[in-house]
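Student: Could you take me through this structure? I would like to begin with the overall fold and then look at single residues.

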Amino acid sequence: MLTLHELTVGYDTPLLGPVSGSFDGSITGILAPSGKGKTTLFKTLCGVIQPLSGSFQASAPVTMMCQHNTNFDWLTCLDNVLICDKIQHKPQKPTLAREMLATVGLLSHQNDYPRQLSGGEQQRLSLARVLYLKPQILLMDEPLSALDESTRAAMQALVLRQHKALQNTILLVTHSQVEAKLMCDTILTF
């Protein structure tokens, strides 16, 4: 569960807020124009920046998929997925990592480096890494924006399947009302 109490985010001046609400086991879409603080909200919920006011509580670690490429260029695609285990000092599960790469259509690229991938493939690699973690609280900041229509639909279905299996909490920033209506239980607009 993720609970926000009169949370206001920004840098020197407020960008978004105050926001209150509880999110538990659902997908909540966030629609707002560019520059309105959606990414800043997510950075705050991940603990990267402090809120200007208010507070939030998370019942589990918060995982974020950024809108921009966050792959590790010096690691192969397979190692980009497995880095999660290494950072958490857990045994690596290469078979499961390969399954996740196959699920996002990148198994044939497991030994390639992110710089060898197209922009859409890089975004799918980021998605594979995030979904491999099976997070209980997932923040997705325009996670599918670089994908063509058919690939986007397949990745939407993948996210929805994992959500159904895990019953995790997902906050999804998108500029697509169609995507928000398709994927989200509720939609917040700012």
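Predicted model: local features only at pLDDT ≥ 70, side-chain atom pairs only at ≥ 80, totals over all residues.

Student: Fine. What is the strand order in the open sheet?

Tutor: The order is E5-E6-E7-E3-E8, which makes 5 strands with parallel pairing. Strands E5 (62-65) and E8 (186-189) stand at the edges; each has a single partner strand, so one side of each is left without a neighbour in the sheet. On average, neighbouring strands are turned by 20° against each other, direction ignored.

Student: And over how many bridges do E6 and E7 pair?

Tutor: E6 and E7 pair over 5 bridges, in the parallel sense. As one example, Leu139 has Leu171 in E7 as its bridge partner.

Student: Which strands does H4 lie across?

Tutor: H4 lies across E5 and E6, and it runs at about 170° to E5.

Student: What does Met140 touch, sequence neighbours aside?

Tutor: Not counting residues up to four places away in sequence, Met140 touches Phe42, Met65, Leu127, Val159, Ile170, Leu171, Leu172 and Val173.

Student: A change of topic: where does Thr174 lie, and is it buried or exposed?

Tutor: Thr174 lies in the loop between E7 and H6. Its relative accessible area is 2%, which is under the 20% limit, so Thr174 is buried.

Student: Which side chain makes a polar contact with the side chain of Thr174?

Tutor: The side chain of Glu179 does, at 2.7 Å. Beyond its neighbours within four places in sequence, Thr174 is in contact with residues including Ile30, Leu31, Glu142 and Arg152.

Student: Last one: how many residues of H1 are buried?

Tutor: Helix H1 (residues 38-45) is mostly covered, with 6 of its 8 residues buried. These are Lys38, Thr40, Leu41, Phe42, Thr44 and Leu45. Just after H1, Gly47 takes a positive phi of about 85°.

Definitions and conventions
Residues numbered from 1 in each chain as written. Heavy atoms only, no water. Contact = heavy atoms within 4.5 Å. Helix = DSSP H or I, 4+ residues; strand = E, 2+ residues; numbered from the N terminus. Buried < 20%, exposed > 50% of the residue type's maximum accessible area, 1.4 Å probe, protein only. Polar contact = N/O pair within 3.5 Å; in protein donor to acceptor, adjacent residues only side chain to side chain. Pairing = 2+ DSSP bridges. Axes fitted to C-alpha atoms, helices over the stretch in contact; angles between N-to-C directions.
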